[in-house]
Amino acid sequence: MALSLPIAIPTAGDAPAIRARRIAQLLGGLFLYGIAISLEVRAGIGLSPWDVLAQGLANRTGIPFGFVTNIVGALVLLVWIPLRQRPGIGTVLNVLLVGPSAQLGLWLIPQQHAPMLQGLMFAGGLLLLAVATGLYIGARMGPGPRDGLMTGLRQRFGWSIWVARTIVEGSVLVVGAILGGQVGIGTVAFVLLVGPLVHVAMPLLRVPGGAAETPVVRPRPAAGLASFRPRSGDRDGERVYADLRAVSQRDERVG
C-alpha cells in the first residue's frame with residue numbers, strides 16, 4: 001500500500017495583504033531560525049538537543065552541519081506518515097530552508113572563544129530563535145517537523161506534550177552527545193528558556209484571520225425541515241413547519 005503525505009496550504013480565502021504577510025513572515029522566520037542556530041553553534045557553549053544530534057552526525061560523517069539539519073528534518077517528517085500528521089507548506093519549507101540558512105550563518109559568523117562573547121552570542125541566538133519561531137508559527141502555514149512529531153505522538157499514544165518532548169529530545173540529546181555533539185551550559189539554558197520565550201513571541205507575531213484556521217460552518221436547518229413533514233389537515237403541524245421555514249430563511253440571510 002502506497003503511503004502519501006498530503007500537504008496543507010492554508011492560504012486559500014485570505015485577503016491578498018494577509019496572504020503576502022503570511023508568506024513573508026514564514027520565509028523570514030525560517031531564514032532567521034537558521035541564523036539563530038548558527039549563532040548558538042559559534043558561541044560554543046552547548047546546543048539544543050536536535051542541534052547536538054546534527055552536530056554529532058556532521059562530525060562523524062563530514063557532511064556540513066546545515067545539510068545534516070536538512071536530512072534530520074526530512075527523516076522526522078517521514079515519521080509523520082504512520083502518525084497520520086498532515087504537514088503544511090511551512091513544514092516542508094522548514095525542512096528545506098533552515099539548514100542552508102544555518103550553513104550560511106556558519107560561513108559568515110566566526111567561532112567565539114572569550115567567555116563573555118560566547119555568552120552574549122548564545123543569548124542573542126536564543127532570543128533570535130524565539131522571534132523566528134514566533135514568525136514562522138505565527139504565519140500558520142504548518143508547524144516545524146519536530147513540533148508536529150510531538151503533536152503526533154500525543155494524538156497517537158495519548159502522551160502529554162511534555163512527556164513526548166522529554167522522551168524524544170532526551171533520546172536525541174544522548175545520541176548526539178555520544179556522536180560528539182556539544183552539550184554544555186547553553187544546552188541547559190536552551191531547555192529552560194526557549195519555551196517561555198517562544199510563549200511570549202507567538203501571540204505577538206501571529207497573523208490574524210485566515211479561512212483555513214477558522215472555517216465558517218453555516219447552520220443547517222434544512223435537516224430539521226427534511227425530518228418534519230406535517231400530515232395533511234394537521235393545522236398545528238403546519239404552523240410548526242411554517243415557523244421552521246421562517247427560521248431557515250432568516251439563518252440563510254444572516255449566513
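This is a predicted model: local features need pLDDT of at least 70, side-chain atom pairs count only at pLDDT 80 or more; totals for chains, interfaces and linings use all residues.
User: How many aromatic pairs does a search of the whole structure find?
Analyst: The search finds 2 aromatic pairs. In one, the ring centres of Tyr33 and Tyr136 are 5.9 Å apart with the planes at 80°, so that pair is edge-to-face.

User: Which helices do Tyr33 and Tyr136 lie in?
Analyst: Tyr33 is in helix H1 and Tyr136 in helix H5, so the pair ties together parts 103 residues apart in sequence. Both tyrosines are buried.

User: And how are the rings of Phe157 and Trp159 arranged?
Analyst: Their centres are 5.1 Å apart and their planes at 25°, so they are stacked. Phe157 is partly exposed, at 47% relative accessibility, and Trp159 is partly exposed too, at 30%.

User: What sits over the ring of Phe157?
Analyst: The charged end of Arg156, 5.3 Å from the ring centre. Elsewhere, the charged end of Arg146 sits over the ring of Trp50, at 5.2 Å from its centre.

User: Switching to Thr133: buried or exposed?
Analyst: Thr133 counts as buried because its relative accessibility is 7%, and the cut-off is under 20%. A polar atom of its side chain lies 2.8 Å from the backbone oxygen of Leu129.

User: What does Thr133 touch, not counting residues up to four places away in sequence?
Analyst: Tyr33, Gly138 and Val198.

User: Last one, H3. What covers its buried residues?
Analyst: The cover includes helices H1, H2, H4 and H6. Among the buried residues of H3 are Phe65, Trp80 and Leu83. Just after H3, Arg84 takes a positive phi of about 60°.

Notes: Residues are numbered from 1 along each chain as its sequence is written. Side-chain values use heavy atoms; hydrogens and water are left out. Buried means under 20% relative accessible area, exposed over 50%, partly exposed in between (1.4 Å probe, protein chains only). A polar contact is a pair of N or O atoms within 3.5 Å; within protein, one must be able to donate a hydrogen and the other to accept it, and residues adjacent in sequence count only if both atoms are side-chain atoms. Contact means heavy atoms within 4.5 Å. Helices (H or I, at least four residues) and strands (E, at least two) are DSSP runs, numbered from the N terminus. Rings of Phe, Tyr and Trp (its six-membered ring) pair if their centres lie within 6.5 Å; planes under 30 degrees apart count as stacked, over 60 as edge-to-face and the rest as tilted. A charge sits over a ring if NZ of Lys or CZ of Arg is within 6 Å of the ring centre and within 35 degrees of the ring normal.
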